[in-house]
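Subject: Handing over a structure

Dear colleague,

I am passing on the structure below, and I would be glad if you could look through it alongside these notes.

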Amino acid sequence: MRTTAGDDGTTGGYIAVVGHADLTPDTLLLVESALRTRLARLPAPAVAMVRTGAGTPLASGRAARASGRPLAVVIPTRVGVPAMPPRRDRMAAGELLTLADEVRLLAYDPVDRDSCVGADERLVACSGLLLAVWDGSPSNGRDATAHLVTYARARGLPVEIVWPEGAAREALPAVRTEG
């Protein structure tokens, strides 16, 4: 993937958008609105870029289109052939592909967490700005948003945190203990 420098020196050719996968339905609406506002105020012609999936990626894609921003959707491949997304992401993937101005193929396994984190790192590395839908919490082994923010900052990439007032994550299921 190639990045071009923007006129303001901070925004490259792509704006990577990443974030928590466990947002509540109400939060996804808040995030979509907040991202729409952020994306609309950024200089053209930077392209919003998301890895396909439900939740934050779909809200980001909708926000990009509503803001008039072009959208690049990254889909997984295996041996150069597009891979089937996990069942939970298939409807979102279809919608994202209809919203996309550009589709990029990237080798990663959509059901393997480490592979997805690696794919997100590549998106971040080729971008001029990271928009992170993040509540500020540390990485918990399931969610890599904190890691991606750290990754971007370590490379000198500008990071904007998106966490609207009233946003919340789904409650984790209670852990059962024997005894």
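Predicted model: local features only at pLDDT ≥ 70, side-chain atom pairs only at ≥ 80, totals over all residues.

Residues are numbered from 1 along each chain as its sequence is written, and side-chain values use heavy atoms, with hydrogens and water left out.

The axes of helix H4 (residues 113-125) and helix H5 (residues 145-154) come within 10 Å and cross at roughly 35°, where axes are lines fitted to C-alpha atoms over the stretch in contact and angles run from 0 to 180 degrees between N-to-C directions. Helices here are DSSP runs (H or I, at least four residues), and strands are runs of E (at least two), numbered from the N terminus. The contact (heavy atoms within 4.5 Å) is made by Val117, Asp120, Glu121, Val124 and Ala125 of H4 with His147, Leu148, Tyr151 and Ala152 of H5.

Turning to the backbone, a cis peptide bond with omega of about 5° joins Ala44 and Pro45, and Pro45 is found in the loop between helix H1 (25-41) and E2. Val79, in the loop between strand E3 (71-78) and strand E4 (81-82), has a positive phi near 55° although this residue is not glycine. Val79 is also exposed (over 50% relative accessible area, with a 1.4 Å probe and protein chains only), at 85%. Most residues other than glycine have a negative phi, and most peptide bonds are trans.

As for the pocket, H4 gives the most to the lining of the largest one, with four residues.

Best wishes

Terms used. Buried < 20%, exposed > 50% of the residue type's maximum accessible area, 1.4 Å probe, protein only.
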